[in-house]
Amino acid sequence: MYRSPFIKAAKLTKAFDVKGTAWAAGRHTGEDYIPKDGTIRATLVSPASGTVLDKSFDDSYGHKIIIRTTDSKVILMAHMESKSTAGNTVVAGNHVGIMGDTGNGSGHHLHIEVQNSTTWKYNSNLLRPSLYIDFGNFSGAVPKVPIVGGGSYSTGNYMVTASSGINVRVDAGTGYAVKGSATKGTIFAVSKITSNGTWGYTSSIQCTNGKQSGWLSLENCSPATTINPGGSGGSRYSTGNYVVTVSSGINVRVDAGTGYAVKGSATKGTRFAVSKIASNGTWGYTSSIQCTNGKQSGWLSLENCSPV
Ligand SMILES: [Zn+2]
């Protein structure tokens, strides 16, 4: 059997061959599914390896893809929000689109057909999809993303470096819907990397419309260090007044850690008030400190300062 077109559990919402006047054929020519968890923009993958015969839009099926399987059947997936397959061939588990509500549909769902033919023809050679597709076989599939080029990144912490900020998307690629936008300097943790090594997934990032999870192009980011939480190295400090004690001066950064961007530099003897302490107890935040490039707010390593 073919694998599931979903990467999560799904349920049947309209059975095959149900009769009805809502369909031009007088019957339902496929099966309808939605994810059990209610996701409306679910990732869709190819149930089988094969050749992409058609990627198009029409008023009935909306955005659709037709795949000829290597064992000489055809699979139609319809009503998609978007299609993502770049090439003419697919391997089972390849990412082919996002579930949608395009065409003659009623709410987000996947309409899928299987035909016993090497070419797709409306209302012809129809097979019951659930006899050929195992919708319980959805795990272990890592959608392969058809993006080429780019560098290679690894999981870990990153900071947005593009001055215009960066989009967080529902999947890995600029063709996918935008969930939110994160501004320059925003830190996030990448837990998954796409197969081409250029997109990273974060479970949470602060966006201008609230916290989001999703995919970001890491080419617009740089690796970032974060503070060491709690007491490993360095003593602990409290809020209050401090003075810079190191002769070389001290950097004021956008966040608490030496991996973060420098906003300015304060010389030895500069006084400032710390209103917040980082969780590791070694970095302090000041709303205003005199730097060589003007007054700045930001984070300083208190190990280079003394209480006053
Ligand atoms: Zn349907």
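I then turned to residues 228-234, where the pLDDT is below 50 and the model has eleven contacts beyond near neighbours in sequence.

**Basis.** I note that this is a predicted model, in which local features need pLDDT of at least 70 and side-chain atom pairs count only at pLDDT 80 or more, while totals for chains, interfaces and linings use all residues. Residues are numbered from 1 along each chain as its sequence is written.

**Overall confidence.** I recorded a mean pLDDT of 85 for the protein, with 90% of its residues at 70 or more. Strands (E, at least two residues) are DSSP runs, numbered from the N terminus.

**Sheet.** I traced an open sheet of three strands in the order E3-E9-E7, with antiparallel pairing; two strands pair if DSSP finds at least two bridges between them. Strands E3 (43-45) and E7 (82-83) each have a single partner strand, so one side of each lacks a neighbour in the sheet. Two bridges join E7 to E9 (residues 95-98), and Lys-83 stands opposite Gly-97 in E9.

**Ser-297.** I located Ser-297 in strand E24 (residues 294-301). Ser-297 counts as partly exposed because it has 15 C-beta neighbours inside 10 Å, between the limits for buried (20 or more) and exposed (12 or fewer), with C-beta atoms placed from the backbone. Beyond four places in sequence, Ser-297 touches Thr-286, Ser-287 and Ser-288.

Methods. Helix = DSSP H or I, 4+ residues; strand = E, 2+ residues; numbered from the N terminus. pLDDT = per-residue confidence, 0-100. Contact = placed C-beta atoms within 7 Å.
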